[in-house]
Amino acid sequence: MNATKMVLLSAILAALATPVWAAPTTKPTNILIVEITTQSFFVTWSEKEAGDVTYTLVASTESSFNSILSSATLRNAASVVNRTTGTRVNGLMVNTRHWVAVYALKVGKDLSDLSNDKDNDFTLANPPSNLAAQVLEDAEVFLSWNANGNPSNTRYEVGFSSDNFTAYFSTPIRFNDNYTLTQTTITSLGGDTVYSFRVKARNEDTPKVATAYTLVVSTRTLLAPAPEIPTLTKIQEVSTTTALVEWKEKNSGYTSFIVSVSTSNADLAGTIVSSTVFADPNASSNKIVETTLVNLTPNTSYHASVRSVKPGTKTSDFSAPDSASTLVNAAAPAFSSVHATSVTVSWTAPLGGASGYKLQLSVQSDMTPVLKSSTVAAGITSVPLTGLTALTTYYARLTSFNPDDVATLSAVISTKTTAVPPPPPPQAQQPTLTTVIAITTASMTVTWKEKNSGSFDYIVSASTSDANLAGTIISSTTLTDAASDVNKITTATISGLTPNTLYHVSVRAVKTGFQTSGFSFPDSATTLAIVAPAPPDKPTFTEVTQKTTDTVTVQWKERNDGDITFKLAAALDAGDIAGTIVSSRTIQDSSSLKEKTAAGTILGLTPNTVYWVSVAASKDGINFSDFSSPDQAVTLASRPTDLTATKAAKTSYLLEWNTNNNSSDTAYELARSLDNFQTDISTPIPFSLNWTDDQAIVVGFVPGLTYHFRIRAQNQEGILTDYSETLQILAEPPPTSSSAAIVSNIAYLIADPLGVAHLVLNPKVVNDDATLYFSIDPLNNPLHIDPLKLQTAINSLREEKLLPGTLREFSLIVNNQLFTDNFNNPARLEISYAAQDPNKDGFLDGFQPPVRAERLGLWVLSEANGAFLPCPDSSVDTTKQIVFCFPKHFSAYAVLVDVRTILGVADSVAYPVPWRPNDNDPSNGDGSGITFDNLPSTGEITIYDFQGNIVKTLKLAGASQSKWDGRNEEGENVASGVYIWRLVSSGSSKTGKLMIIR
């Protein structure tokens with residue numbers, strides 16, 4: 001600091017130290033605490049002075065304010081009498097009564113007394129923390145928690161629940177109990193029960209405010225000792241699936257009994273097969289109760305016992321068991337194999353089986369007397385009964401026994417024996433001398449010698465097995481001889497045989513009233529083999545005439561006469577048609593002619609695939625000629641479908657589509673449009689890119705714009721498919737951005753999410769309704785500007801430096817278009833620099849030499865030039881700590897600071913503003929012009945009109961003042977309006993605004 005400035009500073013300090021009487025500032029009134037937290041109050045009061053007033057809010061735990069616990073200062077440069085204002089005081093103690101009051105100090109007056117209208121209240125309590133539960137015994141749980149900074153007089157409420165506070169809860173400790181400890185024991189709980197616990201605190205305000213609950217802590221209580229064991233367990237009744245069990249209770253009060261049956265008397269607990277719970281709300285010692293066990297297995301021995309259970313206790317041991325067996329389901333017998341002197345009785349074992357059976361037979365329906373009785377073991381289900389009388393009705397009944405020999409009777413069944421059967425018919429005589437005398441590919445002619453007289457049928461059979469003629473007969477024929485005779489030679493032919501196959505041929509004799517004879521001794525022979533004819537001539541002049549995505553139509557010239565079968569084949573290899581056929585089809589032409597042109601279609605092909613198609617001919621449908629010389633065909637590509645989009649990154653989307661079975665080398669073209677392909681069309685993926693995947697990342701999306709996409713494919717011959725259905729995407733903004741809907745004829749004030757930037761839009765800034773997007777981090781989450789271009793512009797700054805935290809990007813979307821024209825009316829953009837001047841001393845933190853806040857400027861990115869340019873009418877409001885300008889269009893804006901600016905140039909000022917040269921008002925100067933004061937010794941002042949044209953240049957020559965008379969370089973008075981002045985000296989500069997009103 002130079003000597004002159006040191007002298008000036010000393011004089012100012014001396015003047016401030018000289019006692020000067022001034023009236024005290026009027027103290028505020030209506031002090032009111034309006035918002036409370038655990039460690040702060042928000043306090044309001046009524047202002048009693050107008051103008052620039054500083055208020056000091058003080059807080060104390062004493063109503064006398066002998067000691068100040070915390071304070072907060074609020075400066076209001078435009079106080080208004082009786083207007084309510086307020087601020088927050090922090091650093092208070094938790095759940096403690098505090099008093100608050102306010103001092104006021106107006107510029108030019110002394111500090112006021114402390115306000116009389118003091119207010120007081122309790123801060124909130126902190127929620128308790130670290131709740132822990134420890135089970136002490138079956139009905140007690142010890143709880144402890146952390147006070148979390150609450151004072152010792154803080155009250156707590158403890159609650160518990162057995163259903164996690166869903167429907168049931170209890171409050172053993174309430175706030176009204178004035179419980180201030182941080183631990184307690186909860187008693188009278190149930191045993192073996194999961195309990196949930198929670199705790200909350202409250203402050204001592206009126207009304208008192210409770211905190212949130214702690215996290216719920218759950219634990220299970222222990223089981224109480226087991227009750228008495230029941231006695232005198234008895235099985236009173238059994239059926240096939242149930243048992244009635246009786247016992248004597250040995251406990252009083254509400255008791256449940258577990259009644260169980262086991263198949264093992266030695267291990268009741270390990271082999272329980274059925275159990276039920278019997279609850280007695282009024283159990284008493286020696287009381288007899290009973291219950292029924294169900295779903296038992298018939299014919300099974302069970303051991304029944306009983307255990308006692310009380311809520312929250314252990315289960316008692318088993319009582320001494322009683323044993324019984326369930327009954328057997330009655331087996332239903334039935335007669336089978338009924339003959340003249342015997343019958344057989346059969347049955348199916350009943351469900352659960354039986355331990356044994358007894359079968360009784362009688363000629364009376366009441367089963368008396370019993371003629372026959374048979375005891376049958378458990379595994380037998382059929383008994384033959386012999387020695388009966390023909391044509392007699394017999395009655396039968398089956399008894400089934402369980403392990404305790406308890407019987408279950410079936411219903412009585414009956415049947416009648418048959419008459420004595422007649423003697424069996426005579427058997428036909430077996431033929432002899434079977435001989436094969438003639439053979440074709442599908443038949444054999446056989447001779448044999450008859451051995452019967454009269455009318456007989458002969459069954460001639462062919463078998464492929466000599467060892468089992470009856471089981472492997474392949475073909476047979478019947479010959480009827482009305483005059484059969486012994487030793488007569490007879491002939492018949494068997495047809496339907498397989499060529500080149502060994503057969504064994506034999507003959508049987510058949511006649512009504514006679515038993516069929518056995519097979520004759522067989523003769524063996526092999527059918528003739530089929531000799532394949534030579535294949536016909538192969539077709540010629542194969543030519544492809546039509547193609548689709550999965551078919552190829554081919555025509556050829558026939559080379560044979562008659563009934564010809566043609567095989568059409570599509571192969572992958574022209575040099576090996578037969579080895580690489582992927583699809584084929586046969587076509588019959590019953591009137592084939594040489595030189596005749598024929599055509600057919602091959603189906604089931606893959607889209608966009610190169611095939612070689614050819615034709616072969618056959619007369620028998622089996623032996624085909626060689627394939628004709630092939631022709632090449634490329635199937636069409638399939639139209640892509642199911643175009644979808646998923647956001648991939650900040651300004652990109654992943655687009656995917658269904659290839660519809662196109663081959664893997666199919667190329668795709670992806671087109672994009674902002675007007676649904678009316679006039680605006682771009683191709684982010686052209687065919688020339690040879691994109692063959694079924695997905696692609698597309699970048700460059702501007703948030704708020706609606707994009708339309710469609711895709712098509714082409715085959716290897718360049719034939720295009722139709723476009724897919726159009727996909728519509730509304731581009732989403734990045735995560736660090738916000739948006740606002742704008743109605744064209746309404747003014748808007750919009751703030752960014754951090755409150756750093758404020759934008760004022762006048763009515764009719766644009767003619768149509770629009771959507772505004774703004775990003776607080778355009779370098780990492782841009783809207784539409786290339787972040788690389790933005791970073792390059794920042795790196796190119798030389799004389800200015802970007803003020804951290806002030807870079808913002810704005811985009812305006814109008815009618816689904818990015819608005820890039822100038823606005824109809826100017827907008828106003830404000831960006832705060834308060835974070836860089838927290839102590840409000842007018843100097844930016846972190847700059848050497850010091851830089852005044854008033855030297856800041858708003859700049860805009862020129863996307864065309866890739867550089868920052870000054871925003872029109874950029875100005876600084878040091879009272880509000882903002883930099884503002886009037887942007888004509890949207891881009892990226894930032895606050896820049898001229899790092900060359902130092903204190904000397906910053907002291908320069910211009911007055912009066914505005915200058916009215918013709919109003920004869922002394923306060924507006926002497927009418928001779930605008931004065932520039934506190935100027936450096938060298939440099940120049942340049943004055944610009946609002947369009948940036950130079951109006952006048954003033955050279956500095958050592959004087960601390962210079963004057964502009966309002967004339968331009970040609971000596972003409974300039975018109976009324978706003979002008980910009982810029983002072984440049986020794987590498988430093990200062991810019992200001994002038995206004996002339998004539």
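Trainee: Under 20% relative accessible area means buried, over 50% means exposed, and anything in between is partly exposed. So how does N30 count?

Mentor: N30 counts as partly exposed, because its relative accessibility is 47% and the in-between class runs from 20% to 50%. Keep in mind that we're looking at a predicted model.

Trainee: Got it. Where is the place of N30?

Mentor: N30 is in strand β1, which covers residues 29-36. Its phi is near 55 degrees, a positive value in a residue other than glycine.

Trainee: And what is phi of N660 near?

Mentor: For N660 phi is also near 55 degrees, again positive in a non-glycine residue. N660 sits in the loop between β45 (652-658) and β46 (667-673).

Trainee: Is N660 buried or partly exposed?

Mentor: N660 is partly exposed, because its relative accessible area is 27% and the buried class stops under 20%.

Trainee: Let's zoom out. How many helices and strands are in the chain?

Mentor: The chain has three helices and 70 strands.

Trainee: What radius of gyration does the chain have, and what would a compact globule have?

Mentor: The chain has 56 Å, whereas a compact globule of 998 residues would be near 30 Å. Along its principal axes, the C-alpha trace spans about 165 × 115 × 45 Å.

Trainee: How much of the chain counts as buried?

Mentor: Of the 998 residues, 42% count as buried. The chain exposes about 48,600 Å², with carbon and sulfur atoms supplying 51% of that area.

Trainee: Which share of contacts between residues at least 6 apart in sequence joins residues at least 24 apart?

Mentor: That share is 65%.

Trainee: Switching to charges: how many are positive and how many negative?

Mentor: There are 69 positive and 91 negative charges, and their mean positions are 3 Å apart.

Trainee: Now the inside. How many residues has the largest nonpolar core?

Mentor: It has 35 residues, and L772 and L812 have the most contacts inside it. The elements giving two or more residues to this core include β54 (770-775), β56 (808-814) and β63 (892-898). In soluble globular proteins, nonpolar side chains tend to be buried together.

Trainee: What does L812 touch?

Mentor: Leaving out residues up to four places away in sequence, L812 touches V766, A770, T771, L772, Q817, L818, F819, F823 and F890.

Trainee: Which residues does T87 touch?

Mentor: With residues up to four places away in sequence not counted, T87 touches F41, F42, V43, W45, L57, A72 and L74.

Trainee: One more topic, cis peptide bonds. What is omega for the one that joins T368 and P369?

Mentor: Omega is about -5 degrees for that bond. P369 is in the loop between β24 (356-362) and β25 (372-376).

Trainee: And the bond from V913 to P914, what is omega near there?

Mentor: That bond is cis too, with omega near 5 degrees. You'll find P914 in the loop between β64 (909-911) and β65 (930-933).

How values were computed: Residues numbered from 1 in each chain as written. Predicted model: local features only at pLDDT ≥ 70, side-chain atom pairs only at ≥ 80, totals over all residues. Heavy atoms only, no water. Helix = DSSP H or I, 4+ residues; strand = E, 2+ residues; numbered from the N terminus. Rg over C-alpha atoms; globule rule 2.2 N^0.38 Å. Buried < 20%, exposed > 50% of the residue type's maximum accessible area, 1.4 Å probe, protein only. Contact = heavy atoms within 4.5 Å. Areas by Shrake-Rupley, 256 points an atom, 1.4 Å probe, with all protein chains shown as cover. Lys, Arg positive; Asp, Glu negative; His and termini not counted. Charge placed at Lys NZ, Arg CZ, Asp CG, Glu CD. Core = buried A, V, L, I, M, F, W, Y, C linked by side-chain atoms within 4.5 Å.
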